[in-house]
Each structure stands twice: as C-alpha cells, then as structure tokens.
Amino acid sequence: MTAKKTASRKEAATPRVGHPLREQQAPDDVQGVSAERHSSMGLVETKRRVADHGEVFTPAWMVKAMLDLVKGETERIDSRFLEPACGSGNFLVKILQRKLVAVELKFGQSDFEKQHYALLALMCSYGIELLPDNIAECRANMLEIFTDYLKIKEWDYLYRAAYYVLSQNLVHGDALTMRAHDGQPITFAEWGYLGKGKFQRRDFRFDVLTGSSAFSAEGSLFAHLGKHEIFTPAKTYPPMAVSELATGFAREARALAPEEKA
Ligand SMILES: C[S@@+](CC[C@H](N)C(=O)[O-])C[C@H]1O[C@@H](n2cnc3c(N)ncnc32)[C@H](O)[C@@H]1O
C-alpha cells in the first residue's frame with residue numbers, strides 16, 4: 001500500500017471539502033470566539049482552544065517515533081488502540097495505515113479477505129474527543145484512508161459499514177468523565193472477526209474497563225475482584241455480516257448530523 005495523503009489532519013494542511021462526514025464539521029471555534037490560526041506548522045488551531053482544551057496537534061515525526069516504540073503492535077491487524085484525546089486522528093490514522101499494510105501483505109491476494117480484514121483493522125481503532133469538529137474530522141480522515149485503500153465508494157456496503165463502525169468507535173465525549181456528549185457512559189464495542197464474512201460485537205462500558213486495571217494489578221489484594229463485571233459485556237450482538245453493519249449507516253448519518261453541526 002502506498003502512503004496515503006492525510007492533508008486534512010490538523011498537523012498538516014487545510015481541510016478538504018465535499019466529503020460526507022467532513023461536511024458535518026462545526027465552525028473552527030466552538031466557544032464562539034473568532035478563529036485565530038497562528039501556526040504555520042498547523043499544530044495549533046486557535047489560542048483559545050489551546051488554553052481551553054490543550055489542543056496542540058502532534059507533528060508527524062513525533063507520531064512516527066512514538067508508534068515505533070510499539071511497532072509490532074501497530075503492524076498487527078487486530079491489536080486494539082484507544083486514543084483518549086484523538087483530535088483529528090494524527091495517531092489513529094497512522095496506526096490504521098500500518099495495519100492496512102499488514103492486511104495487504106497477508107490478504108492482498110483475496111478481495112474478500114482483504115476487505116474483511118481491513119474492516120477489522122478499522123474496528124480495532126478507538127478514539128475519544130471532546131470537540132465536535134475534531135471528532136468529525138477524525139472520522140472523516142479514518143474513513144478516507146479505509147475507502148482509498150479498498151477503492152470503494154459511498155454506495156458500497158463496505159463504505160457504509162466502515163462509516164457505522166467509525167461512528168461507534170470514535171466517540172464524541174469526555175475521556176476524563178468517561179461520558180459521551182449526551183451524558184451517557186461511554187461504551188466501546190469489542191469487534192471480532194469470526195471468518196466467512198461475519199463479525200461479532202460485544203459492548204463494554206469504558207469506566208468498567210478502566211477500573212479493571214485497579215483490580216487486576218499483579219499481586220494486588222483485589223486481583224480476584226471485579227473480573228466478573230469487567231468481562232461481562234453490557235450488550236452482546238448476534239454475528240453480523242458487512243451488509244448488516246451497513247444498515248447502521250443511514251441511522252448514524254441522520255443522528256450525527258445535527259450534533260456535529262451544533
Ligand atoms: C493535545 S491535542 C492532541 C490531539 C491528537 N492526539 C494529536 O496528538 O495530534 C488534545 C486533544 O484532546 C482533546 N481533549 C481535551 N480534553 C479532552 C477530554 N477530557 N476528553 C477527550 N478529549 C479531550 C482536545 O480537544 C484536543 O483535540
């Protein structure tokens with residue numbers, strides 16, 4: 001796979017227009033303060049956003065250096081990554097690109113396998129972001145990497161399934177309170193590929209998952225506690241084909257639009 005352009009990420013250049021997800025971007029200052037772009041490197045969006053949200057984007061060279069620290073995991077299709085302050089996806093996009101290289105190497109000969117394992121790679125990428133325009137941009141950037149790799153268009157089931165997965169995995173919310181923008185506890189989908197075109201989904205609450213580290217620390221007095229709750233999904237779904245995942249597309253597109261425009 002060739003290295004993809006990621007010009008719309010905020011470490012790079014100007015956002016592109018015309019993408020169905022990108023059209024949901026809010027004005028670039030959600031506080032209502034006029035935008036003041038002042039970084040020729042594109043690492044800073046506005047001074048107000050830096051002050052309010054610590055919004056400084058990581059340059060590509062640093063993303064690469066950090067990901068190289070866990071290189072093997074970034075090149076494993078089903079390793080799971082969560083970026084709890086994902087911005088427009090500077091880390092997640094690079095991770096997805098590395099995973100897709102692995103997909104190409106392993107499954108490039110078969111369209112069926114390639115498509116399903118590429119979707120699995122996407123399914124293993126998670127993010128949380130406080131600002132609506134950033135999360136919309138992050139979803140759009142990830143979708144673009146995925147669809148460019150598979151050369152698929154909007155009417156394709158795979159495109160729609162990917163859109164749906166991104167709407168589930170990239171959460172508009174607060175990583176500190178562990179609540180989504182609507183006040184509900186953040187829940188993450190654990191996706192697995194069962195083979196033959198079927199995916200399994202189980203949902204887990206983020207606050208329960210993070211609590212698990214306190215319980216499972218080696219040698220901890222509490223090591224035996226809490227595991228039941230941690231490994232009990234909040235919801236389990238029947239196995240789903242890509243076409244079934246794709247049915248979430250229209251629902252999510254409708255649901256996301258007003259929120260992201262707010
Ligand atoms: C320093 S930027 C980093 C963005 C991206 N990870 C990168 O390295 O380019 C931090 C991002 O975290 C978001 N953020 C700040 N507080 C947050 C919170 N409590 N929960 C989720 N996201 C948050 C900001 O809106 C901003 O987009």
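Helix α7 is mostly covered, with 11 of its 13 residues buried (20 or more other C-beta atoms, placed from the backbone, within 10 Å of the residue's own). The buried residues of α7 include Leu 158, Tyr 159, Arg 160, Tyr 163, Tyr 164 and Asn 169. Helix α7 covers residues 157-169 and reaches 18 Å from its first C-alpha to its last, close to the 18 Å expected at 1.5 Å a residue; the expected span is 1.5 Å times one less than the number of residues.

This is a predicted model, in which local features need pLDDT of at least 70 and side-chain atom pairs count only at pLDDT 80 or more, while totals for chains, interfaces and linings use all residues. Residues are numbered from 1 along each chain as its sequence is written.

The chain has 11 helices and 8 strands, taken as DSSP runs (H or I, at least four residues, for helices; E, at least two, for strands) and numbered from the N terminus. Of the 262 residues in the chain, 34% are buried.

Another part to look at is a helix pair. Helix α5 (residues 111-123) packs against helix α6 (residues 132-150) at an angle of about 165 degrees, and their axes are 11 Å apart. That makes α5 roughly antiparallel to α6, a term for angles over 145 degrees, taken between N-to-C directions on a scale from 0 to 180 degrees. Gln 115, Ala 118 and Leu 122 in α5 meet Met 142, Phe 146, Tyr 149 and Leu 150 in α6, where contact requires C-beta atoms, placed from the backbone, to lie within 7 Å.

How values were computed:
Angles under 35 degrees count as roughly parallel, over 145 as roughly antiparallel, 65 to 115 as roughly perpendicular and the rest as oblique. Two residues are in contact if their C-beta atoms, placed from the backbone, lie within 7 Å. A residue is buried if 20 or more other C-beta atoms lie within 10 Å of its own, exposed if 12 or fewer, and partly exposed in between; C-beta atoms are placed from the backbone.
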